[in-house]
Amino acid sequence: MLREIITDQFLLSGQSTEATKDDLYIVQDLKDTMHSRQEFCVGMAANMINEHKRIIIVMDNSKELVMINPIVMKTSGRHYEAEEACLCHQGTKKTKRYEKIKVQYYDENFKIKIKTFSDVTAQIIQHEIDHCNGILI
Ligand SMILES: [Zn+2]
């Protein structure tokens, strides 16, 4: 279901809680909402559609990747300044990102995965995990 994107900074600044199998309907809503904005959307977090659960969706080399309860286990590479945009506000902002991250997460079938991501995909994941923690760029 296509959902409205939240731009209220107060609602977006809350911590999201762990997702369970009962929250899987949110995955489809995130996909539908992201597809409707495909030209400029490379990732979304559930709280952007007012679901305060730790679920994110990111574009990983033009492939959609759903991550449930993602945790960054390790960072490496450069810690560089990036300029990012966000659907939740206008314009771009500067922030610091790690070049490489090792992430533990559950996939759409609630199977645990551990994977290392780098460059743009790593950047998007860090941005969306920040959303889960109520952090906006
Ligand atoms: Zn954002």
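**Exercise 1.** What should the 14 residues of helix H3 (residues 119-132) span at 1.5 Å a residue, and how far apart are the end C-alpha atoms?

Solution. The model is predicted.
- Step 1: the expected span is 1.5 Å times one less than the number of residues.
- Step 2: for helix H3 this gives 20 Å.
- Step 3: the end C-alpha atoms of H3 are 20 Å apart, which agrees.

**Exercise 2.** Determine how far H3 is enclosed, and by which elements.

Solution.
- Step 1: a residue counts as buried under 20% relative accessible area.
- Step 2: 12 of the 14 residues of H3 are buried, so the helix is largely enclosed by the rest of the structure. Among them are Ile125, His127 and His131.
- Step 3: the buried residues of H3 pack against elements including helix H1 (9-12), S3 and strand S5 (112-118).

**Exercise 3.** Identify the residues that coordinate the zinc ion and state what Cys86 and His131 tie together.

Solution.
- Step 1: the zinc ion is coordinated by Cys86 (SG), His127 (NE2) and His131 (NE2), at 2.0 to 2.2 Å.
- Step 2: the spacing of these donor residues in sequence is C-x40-H-x3-H.
- Step 3: Cys86 lies in strand S3 and His131 in helix H3, so the pair ties together parts that are 45 residues apart in sequence.
- Step 4: Cys86 and His131 are both buried.

**Exercise 4.** Is Met67 buried or exposed, and which residues are in contact with Met67?

Solution.
- Step 1: Met67 belongs to strand S3 (residues 63-86).
- Step 2: the relative accessible area of Met67 is 0%, so Met67 is buried.
- Step 3: leaving aside neighbours within four places in sequence, the contacts of Met67 include Ile56, Tyr106, Phe117 and Ile125.
- Step 4: the C-alpha atoms of Met67 and Tyr106 are 5.9 Å apart, although 39 residues separate the two along the chain.

Key: Residues are numbered from 1 along each chain as its sequence is written. This is a predicted model: local features need pLDDT of at least 70, side-chain atom pairs count only at pLDDT 80 or more; totals for chains, interfaces and linings use all residues. Side-chain values use heavy atoms; hydrogens and water are left out. Helices (H or I, at least four residues) and strands (E, at least two) are DSSP runs, numbered from the N terminus. Buried means under 20% relative accessible area, exposed over 50%, partly exposed in between (1.4 Å probe, protein chains only). Contact means heavy atoms within 4.5 Å. Donors are N, O and S atoms within 2.8 Å of the metal (3.2 Å for Na, K and Ca); water is not among the atoms, so sites may look incomplete.
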